[in-house]
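Please read this report alongside the sequence and the 3D view. It goes through selected strands, a helix and some backbone details in turn.

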Amino acid sequence: MNALRALYHLVRADFLERVRRYSFLIVLGAILYLGYAFVVGQVVLRLDRYRGLYNSAWVGLLAAITTTFFLSLAGFYIVKNALERDQRTGVGQIIAATPVGKVCYILGKALSNFAVFAVMAAILLLAAVGMQFVRGEDLQIKVWPLVVPFLLILLPTMAVVSAAAVLFETLPWLRGGLGNVAYFFVWVSFITYAYLHPSPLLDLLGLSLMEDAFKSAADSMGLAYEGGVSIEMVEFMSVETVRWEGIVWTAERTAARLYWVGVAVALGIVLLVIALIVNLLLTLLHVRRVRAPAAA
Amino acid sequence: MRLAIEGVSKLYKGRVWGLRAFSLELGPGVLGLVGPNGAGKSTLMRILATVTKPTEGKVTWNGADVVRSPDELRAVLGYLPQDFGLYPHLNAVEFLEYLAAIKGMDSRLARRRIDELLQAFGLAEVRKRPLGSYSGGMKQRVGIAQALLNDPRLLIVDEPTAGLDPEERVRFRSLLADLAGERIIILSTHIVSDVEATATEIAILNQGLLSWHSAPEDLLRTVEDKTWAWVVPSAELTAIREQYLISSAVSRSDGVHVRAIADTPPALGAQAVLPTLEDAYLYCISNSRRNAP
């Protein structure tokens with residue numbers, strides 16, 4: 001069978017089924033609102049006592065960082081129903097009787113999760129252009145500085161969330177409410193630990209990378225930036241606006257973000273190994289059962 | 001083309017046997033698998049469709065164990081589960097394209113087959129409507145269409161007429177008759193009339209055990225000269241039900257027209273009538289209950 005064609009249709013069907021639901025529009029609305037709240041100043045992203053001028057680089061970064069933060073938690077719950085839906089609707093029984101392999105099926109579900117996030121990102125990106133005009137601090141649209149934070153900050157994190165959601169659904173004890181609670185605590189613990197022990201290997205949300213990049217820019221601009229990133233609903237201190245052209249994507253920084261794509265792939269491999277081991281054990285058990293009466 | 005089921009059993013949680021030591025060998029033709037609700041029909045169907053693994057015994061397709069190498073069977077299988085579902089936000093074409101792809105069908109062939117099936121099942125007009133807006137009967141027709149997509153050599157349909165109106169039911173029966181030939185069709189149902197017109201073999205399952213397997217004529221022979229019809233006052237019906245195995249009772253202006261299976265005439269004026277498959281089925285089920293340990 002043509003595995004790529006099967007994979008494409010698995011992703012397509014699952015993706016279309018999700019994005020045509022009202023719940024998808026509600027989530028999309030919430031993300032757009034969050035992005036809007038940042039841009040109009042209802043929520044402030046602050047780098048110590050500085051913030052960027054609302055140019056394409058800052059708007060893109062702002063929208064990508066905000067969405068990464070929001071979707072790395074809420075997104076998990078949004079997409080963690082791909083396998084469960086097949087079970088609940090009964091479509092799973094039909095799929096189970098086809099030659100499509102477990103590897104293709106699980107990969108298809110993870111890619112479908114990712115496709116849902118990618119569409120959200122694309123819509124948010126379009127909205128970001130509008131937001132830059134709404135803010136009106138810099139009306140020149142620069143495509144690459146606007147797009148690159150979505151590509152290298154948001155999407156790698158979403159790849160991890162996509163794989164994690166399928167992994168949780170595959171493991172029976174993490175499939176239900178326990179898994180939902182566990183993810184929440186893992187997320188909070190991980191983000192807190194990563195904040196207290198900054199390292200590219202723990203920087204799932206890209207905040208340390210942003211901080212590091214701004215520090216380099218601040219040094220060259222002669223700003224007294226000591227570090228720190230905060231997201232605030234209330235403006236605690238007056239901030240100074242600086243024109244920042246965004247993160248300079250050095251090979252090291254790009255690799256630090258692509259590392260998370262590697263983490264997603266690793267999670268996928270763990271997932272497939274689990275699926276294959278379970279299948280092998282069940283088959284061996286069956287073979288032993290079949291042989292036992294014959295040997296007796 | 002051979003499907004062999006050898007001593008297959010299925011044990012569920014709570015030590016409940018869904019199926020016990022079921023054996024059968026099938027070649028091309030239509031097997032009508034009948035039995036009361038909970039008899040183990042769907043369990044057997046799921047095992048044959050490689051969705052569930054048996055606890056004991058084995059199933060082979062042309063000699064290959066379907067648990068160890070399920071893909072050989074899956075490549076030629078069409079399966080309509082009893083409680084199947086659809087993606088409500090996809091339309092019929094999208095859903096069938098999806099299933100055709102995971103069944104390994106080539107895209108051009110799939111498109112042609114989808115068009116044919118939608119036409120054949122009267123769904124061409126609504127092909128672009130979301131499946132969630134379909135009636136129960138329309139959903140069932142989509143289910144049957146997906147089972148036929150790959151022109152299967154082994155077609156397993158579990159309660160396929162559930163939700164269909166009488167006209168659709170007749171249409172489905174004649175479709176099955178048309179499909180019969182160089183393929184194995186297993187039609188599971190608790191409605192005996194569904195298999196009457198099409199089955200070349202009949203198997204009766206009761207409480208997880210195979211109670212009967214033969215050609216329909218052989219099953220009918222078991223109630224030859226044992227099927228009676230007569231008219232009784234409605235007040236006597238309860239007593240008669242306790243005494244005889246009643247296959248039908250219809251109230252008319254002159255009383256209740258009763259049809260029963262018994263070795264000797266159950267009443268004065270009872271007339272021997274030609275047995276139907278339903279009479280024979282009830283007789284078989286009643287015997288297997290009586291003989292159950």
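## A strand covered on both faces

Strand S8 (residues 184-189) of chain B has buried residues on both of its faces. B:Ile184, B:Ile186 and B:Ser188 are on one side, and B:Ile185, B:Leu187 and B:Thr189 are on the other. Here buried means under 20% relative accessible area, exposed means over 50%, and partly exposed lies in between (1.4 Å probe, protein chains only). Six of the six residues of S8(B) are buried, so the strand is largely enclosed by the rest of the structure. Helices (H or I, at least four residues) and strands (E, at least two) are DSSP runs, numbered from the N terminus.

S8(B) pairs in the parallel sense with strand S3 (residues 29-34) of chain B over six bridges, and B:Gly29 stands opposite B:Ile184. Strand S7 (residues 154-158) of chain B also pairs with S8(B) in the parallel sense, over five bridges. In that pairing, B:Leu154 has B:Ile184 as its bridge partner. Two strands count as paired if DSSP finds at least two bridges between them.

## Basis of the model

This is a predicted model, in which local features need pLDDT of at least 70 and side-chain atom pairs count only at pLDDT 80 or more, while totals for chains, interfaces and linings use all residues. Residues are numbered from 1 along each chain as its sequence is written, chains are lettered from A and ligands numbered from 1 in the order in which they are written, and side-chain values use heavy atoms, with hydrogens and water left out.

## Chain B as a whole

Chain B contains ten helices and 14 strands. Its radius of gyration is 21 Å, close to the 19 Å that the globule rule gives for 293 residues, so chain B is as compact as a globular protein of that length. The radius is taken over C-alpha atoms, and the globule rule is 2.2 Å times the number of residues to the power 0.38. Along the principal axes, the C-alpha atoms of chain B fill a box of roughly 65 × 45 × 40 Å.

Of the 293 residues in chain B, 54% are buried. Among contacts in chain B with a separation of 6 or more, 67% are between residues 24 or more positions apart; contact means heavy atoms within 4.5 Å. Chain B exposes about 12,800 Å², with 49% of it supplied by carbon and sulfur atoms. Accessible areas come from the Shrake-Rupley method with a 1.4 Å probe, and for residues only the protein chains shown count as cover.

## The antiparallel sheet

Strands of a sheet pair through backbone hydrogen bonds, either parallel or antiparallel. An open sheet of four strands in chain B has the order S2-S1-S4-S5, with antiparallel pairing. Strand S2 (16-26) and strand S5 (64-65) of chain B stand at the edges, each with a single partner strand, so one side of each is left without a neighbour in the sheet.

Strand S1 (residues 3-12) of chain B pairs with S2(B) over seven bridges in the antiparallel sense. Across this pairing, B:Ile5 stands opposite B:Leu24 and B:Leu11 stands opposite B:Trp17. S1(B) also pairs with strand S4 (residues 56-61) of chain B, antiparallel and over five bridges. There the bridge partner of B:Glu6 is B:Lys58.

## Positive phi angles

Most residues other than glycine have a negative phi, and most peptide bonds are trans. S1(B) and S2(B) form a hairpin with three residues between them, and B:Gly14 in the turn has a positive phi of about 80°. B:Arg15 has a positive phi of about 55° although it is not a glycine, and it is placed in the loop between S1 and S2 of chain B. B:Arg15 is exposed, with a relative accessible area of 65%.

In chain A, phi of A:Asp48 is near 55°. A:Asp48 is found in the loop between strand S1 (44-46) and strand S2 (50-52) of chain A, and counts as partly exposed at 22% relative accessibility.

## An enclosed helix

Seven of the eight residues of helix H1 (residues 41-48) of chain B are buried, so the helix is largely enclosed by the rest of the structure. The buried residues are B:Lys41, B:Ser42, B:Thr43, B:Leu44, B:Met45, B:Ile47 and B:Leu48. Just after H1(B), B:Thr50 takes a positive phi of about 65°.
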